[in-house]
Number of protein chains: 2
Amino acid sequence: MTVKKADILAVAKAARVSPSTVSRSFNHPDLVKPSTRKRIDRAVRRLGYIRNRAAQTIHGIRSGTIGLIVPTIDQAIFAELIQSFSDAVEQTGFTILLASHGYSLDREYALTRKMLEHRVDGIALIGLDHATDTYELLAQQNTPALLLWNYAEDAPLPCVGSDNYRAGHLVGTHVASLGHRHIAAVFPPLHGNDRAAQRLQGLADGLRVNGGDPEILQRETPYSVADAKQAVAELMAAPRRPTAIVCGNDVLAWGALHALARLGISVPDQVTVTGIGDFHGSQDFEPALTTVRIPARAIGARAAETMAAMITTDGMAENLALPPELIVRATSAPAPS
Amino acid sequence: MTVKKADILAVAKAARVSPSTVSRSFNHPDLVKPSTRKRIDRAVRRLGYIRNRAAQTIHGIRSGTIGLIVPTIDQAIFAELIQSFSDAVEQTGFTILLASHGYSLDREYALTRKMLEHRVDGIALIGLDHATDTYELLAQQNTPALLLWNYAEDAPLPCVGSDNYRAGHLVGTHVASLGHRHIAAVFPPLHGNDRAAQRLQGLADGLRVNGGDPEILQRETPYSVADAKQAVAELMAAPRRPTAIVCGNDVLAWGALHALARLGISVPDQVTVTGIGDFHGSQDFEPALTTVRIPARAIGARAAETMAAMITTDGMAENLALPPELIVRATSAPAPS
DNA sequence: CCCAGTCATGAAAACATTTGCATTACTATT
DNA sequence: AATAGTAATGCAAATGTTTTCATGACTGGG
């Protein structure tokens, strides 16, 4: 059975009007007489007609899509961000075109191109660190672009996010103020991940803010509970144990806590553990994790608003800083003497 | 500065060829002389031309997008699925149009319509339970549609996933075989969530498979560590405690484990805990969680393959069952006598 | 040097819409 | 009943591509 295509012409014929009227009935309903509109609606339903956005798009009408390119979806933190961004974006009628590049800036560039081929109305990237090709591409096309997650005053494009340096700094001063001098930093690989790098820098500066010069043992760990668990197990097997384990994000901190639980090392009495992010679950961990809250939901929501504004009013957006916040819970305590 | 639009015509003029040749140079490069191709490429680069998929799409050419509609993104389980589906789909050149409906079947219908307006080449939904409107819509349009996550022989559309009834059944027989007779079932709300409902049914049947008639206390809990933690805390405060807490998914099981840790109740000596899903982190939890693995990554990958096949060969796909697998770890043990 | 065959390119129609302008059909005012 | 004004609709051009068909430019064999 050949499927008879249901285009606007078929609808027009069925409703005994011209295609123009059908189009108007969709886009400017007030311009068409209620009775004909009803006739058209009936025809639409009978034929199962569905509007073709592609055909609209080539008229300069917006495509109704926003491109979102993330390093990875399968991480608590980005999942939360994507969710809130998507929810907020939905509300303004847009749909998200999603892609992930696995921390490869080259793939990110390719994906950006692809998004532009799809004529997304706006495009959002994670972090501030991108290939110069990508920046040039975005500058050349005049598609609104937004950087999510990070905040920096001098960002090359409008950004909505938190200052990761500050997040690290908050942890640093907290840990230093508790008297810890021998510290392990468990961080994800810094390559292609400006967030992690900035957090680490902030951490180092924060730890020294009180004038001390603590010993910092840095340890790169892939993003996973399993890897962090193993890394911390090894760390604690070393002759001289750190009194605080500062993790680049909450997932790594969870791994650390599990490792310590297994080793029977008491937290926070024997060792302090901190995360960054305040993911779902950190609050209810046992013991509850001391961390820095990066307001992912707020970032997603505000970013969506900003994006919508950029698209509809065509104006350049202001940078927006959502400050990180130290959340002291049960995994941090003064260094044992 | 007015941005001079870079369409295929502008490129053609700049390269001193006809638009046809430019188009060919993209789509059938072997049909155009290398020297002119080079000239075109130069013009493309100089003008910053980017192909317009919308314009291609109205020629019946594929849009290169696949719609993915999920209940929610911000859950370990779906994040993993989306990631693997997206990765596999990327490889075949498609991009994902993503939307979430928050377990509302009505919103799902609306989103499906929207995806069809965007002329996605295929569309994937989670689970088997959908509004009849949605099924009718999909049947009427001839867009390939696929149901992810669940498997059932008699699914109304091709499906790729696991049999959730079996997953629950595996847990049930495992727990029953350990001699537990007083069991608490901590499950997410069943409304609009056929996965949970089927798991629960399988669980109940599995528990009874040995002929016993165990006492099952069912407890509905929103999907979150916090809620599960609280629910289990209340559960254990009751006069007669269950000896096994069977959770509808791993996140709830994490909450249960945290609650028990807080109460100082030893797992698995005093109480057995099980999950379903085997999410990232369950293996490395302390103690490691006994659960049923739903092969999310495999499902995503195979689903993407199936989808690609449906799109390119236009054929109906076979249902594909990826069996769940019981993973016995450290949180389950014989019931205390 | 002609002819057949191939290679490379161009012209124009087609795709599914939207929209500016023109036209027709009303309604109300005189 | 004529006129002006407005409401409703249709016509046709335009949007950015792809593709079929036609044409022109070579190439090599006789």
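This is a predicted model: local features need pLDDT of at least 70, side-chain atom pairs count only at pLDDT 80 or more; totals for chains, interfaces and linings use all residues.
Figure 1. Chain A contains 12 helices and 12 strands. The radius of gyration of chain A is 26 Å, well over the 20 Å that the globule rule gives for 337 residues, so chain A is more spread out than a compact globule. Along its principal axes, the C-alpha trace of chain A spans about 90 × 40 × 35 Å. Of the 337 residues in chain A, 52% are buried. Among contacts with a separation of 6 or more in chain A, 73% join residues 24 or more positions apart.

**Figure 2. The domains of chain A.** The domain assignment gives domain 1 (8-51), domain 2 (65-162 + 296-323) and domain 3 (164-294) of chain A. The centres of domain 1 and domain 2 of chain A, taken over C-alpha atoms, are separated by 37 Å.

**Figure 3. Helix H12 of chain A, residues 296-313.** Helix H12 of chain A has 18 residues. From its first C-alpha to its last, this helix reaches 25 Å, close to the 26 Å expected at 1.5 Å a residue. Just after H12(A), Asp314(A) takes a positive phi of about 70 degrees.

Figure 4. The buried residues in H12(A) include Ala296(A), Ile299(A), Gly300(A), Ala303(A), Ala304(A) and Met307(A). An α-helix has 3.6 residues a turn, so residues three or four places apart point the same way. Among the elements that cover the buried residues of H12(A) are helix H5 (76-91) and the strands E1 (65-70), E3 (122-126), E4 (145-150), E5 (159-162) and E11 (320-321) of chain A.

Conventions. Residues are numbered from 1 along each chain as its sequence is written. Chains are lettered from A and ligands numbered from 1 in the order in which they are written. Helices (H or I, at least four residues) and strands (E, at least two) are DSSP runs, numbered from the N terminus. The expected span of a helix is 1.5 Å times one less than its number of residues. A residue is buried if 20 or more other C-beta atoms lie within 10 Å of its own, exposed if 12 or fewer, and partly exposed in between; C-beta atoms are placed from the backbone. Two residues are in contact if their C-beta atoms, placed from the backbone, lie within 7 Å. Domain bounds come from an automatic or database domain assignment. The radius of gyration is taken over C-alpha atoms; the globule rule is 2.2 Å times the number of residues to the power 0.38.
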